[in-house]
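Subject: Model handover

Hello,

Here is the model you asked for. Please load it before reading on.

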Amino acid sequence: MPLLVDPFDKLTEDLKSTFRPQREWVDKRGLLLVTAHFLSGAGAGTWLFAWLLGLNWGLAIGWVLVAGGAVAHLLFLGKPLRFWRIVRMPQTSWISRGLLSISLFLLTALLYLLPGYFPGLPWNGDSGLGQALLVISLIATAGIFVYKGFVYAVAKAIPFWNTPLLPPLYIAYGLRGGLAVLFVASAIQGRAMDLESAKALELWMVLSTAILLLFYMGVMAGAGVTTAESIRHLVRGPASLPFYLGAVAVGLIIPVAFGIVSYFSPLTPGAMSAVALASLVGDFYIKYCVARAGIYLPVTVRFPARAH
């Protein structure tokens, strides 16, 4: 067996298959898109929960994560300087809406944060302009949450993605990712954080995403032969190892188990941050697995009957 597979041979093999896997959004540079969706979702969740919990240091971390997601997006495009061609179609493209939401967030959130580092600026967070910037950044945050799921859900050629269940699942993972980032960052920096209220939120987020994921897979398993093949890819095929180990074991079972234990025996901040880190690993792998399990509808051709 050759060590290197010729891309043309791989494409030829895919075209011969009844169920052709999509590779553009998961293989090689496609991993940048998975990373972009992970970072931007976790960053938006971090910004939202940092604002709700009054953690100014968390706001800065959320901005950095979304900025990292934006960089990954641009690198995925191959020719970053031409990204403007994508963002000029928000009326029809969820990719355009997503990039516009990220751009709007990065601008307004940065302007909102700057007075905390440069007190001489003519506005601050309590001023009218500061509050307007905060509101716009939160609206852009909602756009970041929503667009990722819809980017996949509008793909009619891939039935496993083409479902209204996917956007809520991605929103839930973005929210729990943001809370997990705050847990990890607070432990690393030795920052104060209301562990009791945040711990309850984290457990609720993990449980809700687990239920959503099971419901999504259950519905998709009975939605047709192509979606059933996608499920087979997840549970018994090429994506089974990252699915069981990364998304299920590390991303769901460990956080749920420790979350339940914490109600009987309080966990230290370090232990909670380790659980939150496991949650983040699971967030990345569920996005990877959803992309990996994408399979195109079979192409069938009907030939005219032979005349006798």
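Predicted model: local features only at pLDDT ≥ 70, side-chain atom pairs only at ≥ 80, totals over all residues.

Numbering starts from 1 along each chain as its sequence is written, and side-chain values use heavy atoms, with hydrogens and water left out.

Overall fold

The protein has eleven helices and zero strands. Both are DSSP runs numbered from the N terminus: helices are H or I with at least four residues, strands are E with at least two. Along the sequence the pattern reads α-α-α-α-α-α-α-α-α-α-α. Of the 308 residues, 47% are buried. Buried means under 20% relative accessible area, exposed means over 50%, and partly exposed is in between (1.4 Å probe, protein chains only). Contact means heavy atoms within 4.5 Å. Among contacts between residues at least 6 apart in sequence, 74% join residues at least 24 apart.

Helix packing

Axes are lines fitted to C-alpha atoms, for helices over the stretch in contact; angles run from 0 to 180 degrees between N-to-C directions. A crossing is left-handed if the near helix is turned anticlockwise from the far one by less than a right angle, and right-handed if clockwise.

Helix 6 (residues 128–153) packs on helix 7 (residues 166–189) at about 145 degrees, axes 8 Å apart. That crossing is right-handed. Residues in helix 6 that meet helix 7 include Phe145, Phe150 and Tyr152. On the helix 7 side, Leu166, Tyr170 and Leu175 are among the partners. By class, this contact has ten nonpolar, two polar and one charged residues. Here Ala, Val, Leu, Ile, Met, Phe, Trp, Tyr, Cys and Pro count as nonpolar, Asp, Glu, Lys and Arg as charged, and the others, Gly among them, as polar.

Helix 2 (residues 30–53) packs on helix 6 at about 145 degrees, axes 10 Å apart. The crossing of helix 2 and helix 6 is left-handed. Helix 2 brings residues including His37, Trp47 and Trp51, and helix 6 brings residues including Leu134, Tyr147 and Tyr152. The class count is eleven nonpolar, six polar and one charged residues.

Rings

The whole structure holds twelve aromatic pairs. Rings of Phe, Tyr and Trp (its six-membered ring) pair if their centres lie within 6.5 Å; planes under 30 degrees apart are stacked, over 60 edge-to-face, the rest tilted. Tyr285 and Tyr288 form an edge-to-face pair, 6.3 Å centre to centre with 80 degrees between the planes. They are three residues apart in helix 11 (residues 269–292), so about one helical turn separates them. Tyr285 is partly exposed at 31% relative accessibility, while Tyr288 is buried at 14%.

Ring pairs also link Trp25, Tyr152, Trp161 and Tyr170 into a cluster. Lys287 lies over the face of Tyr170, 5.3 Å from the ring centre. The charged end of Arg97 sits over the ring of Trp94, 4.6 Å from its centre. The cut-off for a charge over a ring is NZ of Lys or CZ of Arg within 6 Å of the ring centre and within 35 degrees of the ring normal.

Two single residues

Ser101 is in helix 5. Ser101 is buried, at 14% relative accessible area. Not counting residues up to four places away in sequence, Ser101 touches Ala140, Gly143 and Ile144.

Arg88 is in the loop between helix 4 (84–87) and helix 5 (94–117). Arg88 is exposed, at 55%. Its C-alpha is 9.9 Å from that of Leu99, eleven residues apart along the chain.

Best regards
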